[in-house]
Amino acid sequence: MESITNVSTKPLVDSPYIKPLRMEYTQNGTKKTWDVIISHDSVAILVHNITRNVFVFVRQFRPAVYLSHALSQGQIGPTIDCKALAPSTGFTYELCAGIIDKEKSVIDIATEELMEECGYQVNADCLEEITRCRLAIVTWSGC
């Protein structure tokens, strides 16, 4: 059984992973603002285990998901009552993935993530790029 304890929140002052910004612009003559978050590019790997003929997903605790559930229960403040919120509410099933934060190729980072998250050692030439996309991570506070 998973255990999540001593959860608290505080303002984000500095992060190596994200940079929040407020973008101001004029659209069709109307001044607007929008809060955005700049983050690292990332790689996601769709893993097909051909021996078992299944797709492989990673189960991970995501603090933002846990906090979202806490907020939906009215837990607004610097601390979260962990006894009132099951740890399972913060877990997700997702593709094997990782941020591109090293001077390595995307394929090399993907092979490292496969070993780290799934325990699969895969030769780089066994990986096939499916697509690339630009993520739009925003907060919904446009004015």
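Predicted model: local features only at pLDDT ≥ 70, side-chain atom pairs only at ≥ 80, totals over all residues.
**Salt bridges**

Five salt bridges turn up in a search of the whole structure. One of them pairs arginine 22 with aspartate 35. Their closest N and O atoms are 2.6 Å apart. This pair links distant parts of the chain. Arginine 22 sits in strand E1, residues 18-27. Aspartate 35 sits in strand E2, residues 30-39. The two partners are 13 residues apart. Their surroundings can be compared through accessibility. Arginine 22 is exposed, at 57% relative accessible area. Aspartate 35 counts as buried, at 16%.

Next comes glutamate 112. Its side chain meets that of lysine 102 in a salt bridge, with 3.0 Å from N to O. Lysine 102 lies in the loop between E8 and H2, while glutamate 112 belongs to helix H2, so this bridge ties together parts ten residues apart in sequence. Glutamate 112 also forms a salt bridge with lysine 104. Here the closest N and O atoms are 2.2 Å apart. Which residues do these shared partners join into one network? They are Lys102, Lys104 and Glu112.

How accessible is each member? Lysine 102 counts as partly exposed, at 34%. Lysine 104 is partly exposed too, with 41%. Glutamate 112 is partly exposed, at 26%.

| Nitrogen partner | Oxygen partner | N to O distance |
|---|---|---|
| Arginine 22 | Aspartate 35 | 2.6 Å |
| Lysine 102 | Glutamate 112 | 3.0 Å |
| Lysine 104 | Glutamate 112 | 2.2 Å |

**Aspartate 101**

Aspartate 101 is found in the loop between strand E8 (96-99) and helix H2 (106-118). Lysine 102 lies in the loop between E8 and H2 as well. Aspartate 101 is partly exposed, with a relative accessible area of 43%. How far is aspartate 101 from lysine 31, counted between C-alpha atoms? The separation is 35 Å. Along the chain, the two residues are 70 residues apart.

**Cysteines**

How many disulfides does the whole structure hold? The search finds zero. Take cysteine 96. Its closest cysteine sulfur belongs to cysteine 118. Cysteine 126 is in no disulfide either. For cysteine 126, the nearest cysteine sulfur is that of cysteine 96, 15 Å away.

Is cysteine 96 buried or exposed? Cysteine 96 is buried, with a relative accessible area of 0%. Cysteine 126 is exposed, with 56%.

**The second largest pocket**

Now to empty space. Rolling a probe the size of a water molecule over the atoms shows where such space is left. The second largest pocket contains about 150 Å³ of space. Its lining includes Ile4, Val7, Ser8 and Thr9. Phe61, Pro63, Ala64, Tyr66 and Leu67 also line this pocket.

Which element gives the largest share of the lining? Helix H1, residues 63-72, does, with four residues. What kinds of residue make up the lining? Seven are nonpolar and two are polar. No charged residue takes part.

Conventions. Residues numbered from 1 in each chain as written. Heavy atoms only, no water. 1 Å grid on protein atoms, 1.4 Å probe; cavity = no way out; pocket = protein on both sides within 12 Å on 5 of 7 lines; lining within 4 Å. Points joined across faces, edges and corners; volume = space filled by probe spheres on them. Helix = DSSP H or I, 4+ residues; strand = E, 2+ residues; numbered from the N terminus. Nonpolar A, V, L, I, M, F, W, Y, C, P; charged D, E, K, R; others polar. Disulfide = S-S within 2.5 Å. Buried < 20%, exposed > 50% of the residue type's maximum accessible area, 1.4 Å probe, protein only. Salt bridge = Lys/Arg side-chain N within 4 Å of Asp/Glu carboxyl O.
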